[in-house]
Amino acid sequence: MTLRTTHDIGGGDQSVLTADGIAVAVGGHVVGAGETPVTSVASLDRAGREQVSFLSSARYAGMLATTRAGVVLVSPALAESPGEVPARVIVADPHAALLSIIARLHPPRRRVPGVHATAVIGRGTRIGHEVEIGAFVRIGDGATIADRVSIGAHCDIGDGVQLGEDSELVGQVTLYPGTQIGARVRLHAGVRLGSDGFGYVFRDGQHQKIPHVGRCVIEDDVEIGANTTIDRGSIDDTVIGAGTRIDNLVHIAHNVRVGRLCLIMAQVGIAGSVRIEDGCILAGQVGVAGHHTVGAGARLAAQAGVFGDIPAGETWSGYPARPHREALRAQAALFRLSGLMRGIERLLSDKRDDSA
């Protein structure tokens with residue numbers, strides 16, 4: 001595979017691939033100029049001559065005629081679509097193939113081990129090998145930072161926090177005391193983990209706070225999006241299972257247990273003591289009321305409002321959430337209601353006219 005590295009103006013590495021090299025990497029074959037070089041990835045409508053794009057749906061075939069991309073990954077069914085592209089790489093699944101090319105053309109930022117002069121490290125903190133600690137980071141007493149961890153600027157890490165190997169805190173992340181992070185976890189800017197949950201008891205004429213002494217535990221290979229907040233447990237732990245992906249602007253309350261390999265999308269809110277079992281998908285703006293269970297492999301459509309347990313493997317939607325087909329029928333009936341009301345009004349009007 002033809003791959004070389006140059007240096008861009010910003011000081012980072014910029015990789016170059018040829019169409020021939022791309023074909024070898026993805027198991028496809030080239031139609032056109034195999035020596036065509038590309039340095040980055042872009043969509044068909046904005047790609048330039050030194051960029052690679054992809055076409056996997058007939059819906060976008062018309063864009064091939066106008067794209068300026070140098071190389072396009074194309075499915076066999078669309079290989080003959082009109083367009084003056086210098087090189088086409090014919091591959092069974094262009095979208096999947098693009099993922100492997102992105103990793104080559106846009107390699108991750110290289111970690112630079114070391115502790116910035118402005119960082120503050122607490123007493124008794126243990127720091128592993130090849131750790132990167134950025135500007136204005138604060139690490140509390142008794143924390144454990146494993147090998148090859150990267151901590152971006154302005155992160156605040158509380159007393160006794162544990163960070164697993166190869167994890168990355170992008171920047172301005174706050175980990176409250178006692179938070180536990182597994183290996184290969186990625187936390188985006190503004191993540192807040194381990195804050196107290198919203199727990200109060202009305203007594204003596206006021207809302208008295210319930211002390212929170214549980215932990216917030218993030219298992220291995222989890223990614224958490226920007227400005228997401230996850231509370232610590234009250235007396236139990238809040239746990240996010242291995243391999244789960246959480247989007248931006250999600251809130252997960254105290255004592256929640258999220259299983260392995262779940263997908264939780266933007267603006268989801270999960271109330272206290274909910275159980276989300278393995279492999280669940282919660283689409284944008286789903287709300288789950290407290291103390292319910294979402295069964296393994298269940299799917300909740302966008303804006304579903306959950307007020308009861310969801311059976312494993314089922315798809316539910318609507319507000320309040322119900323099985324998806326049932327929710328669609330209810331919605332269709334509601335849309336027909338205005339027409340039925342107009343018909344009833346005409347009948348009543350005709351009846352009044354006859355009486356007169």
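**Burial, shape and strands**

Mentor: Of the protein's 356 residues, 41% count as buried, meaning under 20% relative accessible area with a 1.4 Å probe and protein chains only as cover, where exposed is over 50% and partly exposed lies in between. Keep in mind that this is a predicted model: local features need pLDDT of at least 70, side-chain atom pairs count only at pLDDT 80 or more, and totals for chains, interfaces and linings use all residues. Residues are numbered from 1 along each chain as its sequence is written, and side-chain values use heavy atoms, with hydrogens and water left out.

Trainee: OK. What radius of gyration does the protein have?

Mentor: The protein has 27 Å, while a compact globule of 356 residues would be near 21 Å. The radius is taken over C-alpha atoms, and the globule rule is 2.2 Å times the number of residues to the power 0.38. Along its principal axes the C-alpha trace spans about 85 × 65 × 35 Å.

Trainee: And how many helices and strands are there?

Mentor: Three helices and 41 strands. These are DSSP runs numbered from the N terminus: helices are H or I with at least four residues, strands are E with at least two.

Trainee: Which residues of helix H1 are buried?

Mentor: In H1, residues 19-26, they are Ala 19, Gly 21, Ile 22, Ala 23 and Val 26.

Trainee: Switching to strands: is E6 mostly covered or uncovered?

Mentor: Mostly covered: four of the five residues in E6, residues 51-55, are buried.

Trainee: Which way does E6 run relative to E5?

Mentor: Parallel, with two bridges joining E6 to E5, residues 40-41. Two strands pair if DSSP finds at least two bridges between them. Val 41 has Val 52 of E6 as its bridge partner. E6 also runs parallel to E7, residues 71-74, over four bridges, and there Phe 54 stands opposite Leu 73.

Trainee: Last one: how many positive and negative side chains?

Mentor: 34 positive and 37 negative, with the centres of the two sets 3 Å apart. Lys and Arg count as positive, Asp and Glu as negative, and His and the chain ends are left out. Each charge is placed at NZ of Lys, CZ of Arg, CG of Asp or CD of Glu.
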